[in-house]
2 protein chains.
Amino acid sequence: MSSNLETTPRAVVLVSGGLDSATTLAIARHSGFDCYALSFDYGQRHRHELEAAKRVCSTIGVSEHAVVPLDLRQFGGSALTSEIAVPKDRDEKTMSAGIPVTYVPARNTVFLSIALAWAEVLGAFDLFIGVNAVDYSGYPDCRPEFIDRFERLANVATKAGVEGAGLFQIHTPLILLKKTEIIAKGIELGVDFGLTHSCYDPFPDGTPCGHCDSCKLRLAGFAEAGLADPLVYAS
Amino acid sequence: MSSNLETTPRAVVLVSGGLDSATTLAIARHSGFDCYALSFDYGQRHRHELEAAKRVCSTIGVSEHAVVPLDLRQFGGSALTSEIAVPKDRDEKTMSAGIPVTYVPARNTVFLSIALAWAEVLGAFDLFIGVNAVDYSGYPDCRPEFIDRFERLANVATKAGVEGAGLFQIHTPLILLKKTEIIAKGIELGVDFGLTHSCYDPFPDGTPCGHCDSCKLRLAGFAEAGLADPLVYAS
């Protein structure tokens, strides 16, 4: 078994194409990991997210970018995987009042599980996910408690964990940062946020709506950082 | 929110088409659950498993049978998802000596995660999986410790768990049974084991090899029960 002293350690990084995952990938690279990016074609309402993920991966630099088809529309249950309308123009208080309809049932559990499967094949023990528990939409699977339990699961779920070849770690470098701090970190590491896509409900040409929770959190983050978002928004 | 007193509770049952999952489905039905069966087209070496899953579901009776395409061959890493040879004619001592090449990285974590996603959409809190930690092939994700950690994860990972609408339970009715006891239980519940498929490496027409770990465990279970396996084996 090769040790991390001899080879660059590998990491599997979940990359959605948004601002948070782009920053997370830059952090993983900056921390010296050989990065394997993982995206999902899960039946999201639009393809702009996946195109952004490809741009982000090729610019920041990864050894491989896997796009796994997994049709969560088969089950539905979310505004992101069905015809349920994406809520618009909600204020901060409303956003933080409960779990919104954009929540996709068990999405991060499913994504991390598949990341774990790939990590085990690659001989990687480090998984990166850009979840955030501060400026977020109230999703249960973005909280430290969820990450902690997934990490505990990973180490009994796998041959690699059980045989003691290493200890799986779920890295969440953004989990306690405010959106504005994430943006500052990304800029410090040279991330081009013009390549990213955050909107839940873009126009057909990919132009972000500017009104969904994701656009509003992003815009507020740039405003607080005293910076202009490089994306062009609709009206 | 409808309570279980008013409606038949729903359960998601993982059905591979093997002897264990058929018995598990029969147990879930017998326990009064309205069953939603879930199978995966994960790039397994042959289609006989999925055909058996369909036969088992339609015979035992389910409200819906979802077959989710999820190509684990994209990652490989197992004799069941790559060209690695399936080991044959291993004795019990060898079988129990370590985790074999038929282990599919993080498979049960991935399968249970997707079952959890569907359960949440269905309003179900009960998941059934036919794992077994006695007469098994040494897979880490068949042990009580794994199931316990997954259950803990499920209850913080989901909107349904966090909002307290119910408590997710992972039912593993076979986990402490010997193979011969599983067969006896299945027969007691009327399972037709002639419809199931257990072989890791069948002939093109579906005839089980009789020599892989799965066939050997199954044959030994029937022999110990003093019964004939209804399947016809090669030579």
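Here are some notes on a predicted model with chains A and B.

1. First, the ground rules. Residues are numbered from 1 along each chain as its sequence is written, while chains are lettered from A and ligands numbered from 1 in the order in which they are written. Because the model is predicted, local features need pLDDT of at least 70 and side-chain atom pairs count only at pLDDT 80 or more, though totals for chains, interfaces and linings use all residues.

2. Let's start where the two chains meet. The contact takes 34 residues from chain B and 34 residues from chain A. (Two residues are in contact if their C-beta atoms, placed from the backbone, lie within 7 Å.) On the side of chain B that touches chain A, the elements giving two or more residues are strand 3 (64-69), helix 4 (107-122), helix 5 (144-157) and helix 6 (159-162). Helix 4 of chain B gives the most, with nine residues. (Helices, H or I with at least four residues, and strands, E with at least two, are DSSP runs numbered from the N terminus.) By class, that side of chain B has 22 nonpolar, six polar and six charged residues. (Ala, Val, Leu, Ile, Met, Phe, Trp, Tyr, Cys and Pro count as nonpolar, Asp, Glu, Lys and Arg as charged, and the others, Gly among them, as polar.)

3. Now look at helix 4 of chain B by itself. Its 16 residues reach 23 Å from first C-alpha to last, close to the 22 Å expected at 1.5 Å a residue. (The expected span is 1.5 Å times one less than the number of residues.) Of those 16 residues, 15 are buried, so helix 4 of chain B is largely enclosed by the rest of the structure. (Buried takes 20 or more other C-beta atoms within 10 Å of a residue's own, exposed 12 or fewer, and partly exposed is in between; C-beta atoms are placed from the backbone.) After this helix comes B:G123, with a positive phi near 75 degrees.

4. Most residues other than glycine have a negative phi. B:A106 is not a glycine, yet its phi is positive, about 55 degrees. You'll find B:A106 in the loop between helix 3 and helix 4 of chain B, and it counts as buried because 31 other C-beta atoms lie within 10 Å. Over in chain A, A:A106 has a positive phi of about 55 degrees.

5. Next, helix 8 (residues 213-224) of chain B. Its 12 residues reach 16 Å from first C-alpha to last, close to the expected 16 Å. Among its buried residues are B:C215, B:R218 and B:G221. The buried residues of helix 8 pack against helix 1 (19-30), helix 3 (92-95) and helix 7 (179-188) of chain B.

6. How do helix 1 and helix 7 of chain A pack? They sit at an angle of about 45 degrees, with their axes 9 Å apart. (Axes are lines fitted to C-alpha atoms, for helices over the stretch in contact, and angles run from 0 to 180 degrees between N-to-C directions.) The residues that meet include A:L19 and A:A22 in helix 1 and A:I182 and A:G186 in helix 7 of chain A.

7. Last, A:N155 in helix 5 of chain A. A:N155 is partly exposed, with 18 other C-beta atoms within 10 Å. A:L167 is 12 residues from A:N155 in sequence and 6.5 Å from it in space, C-alpha to C-alpha.
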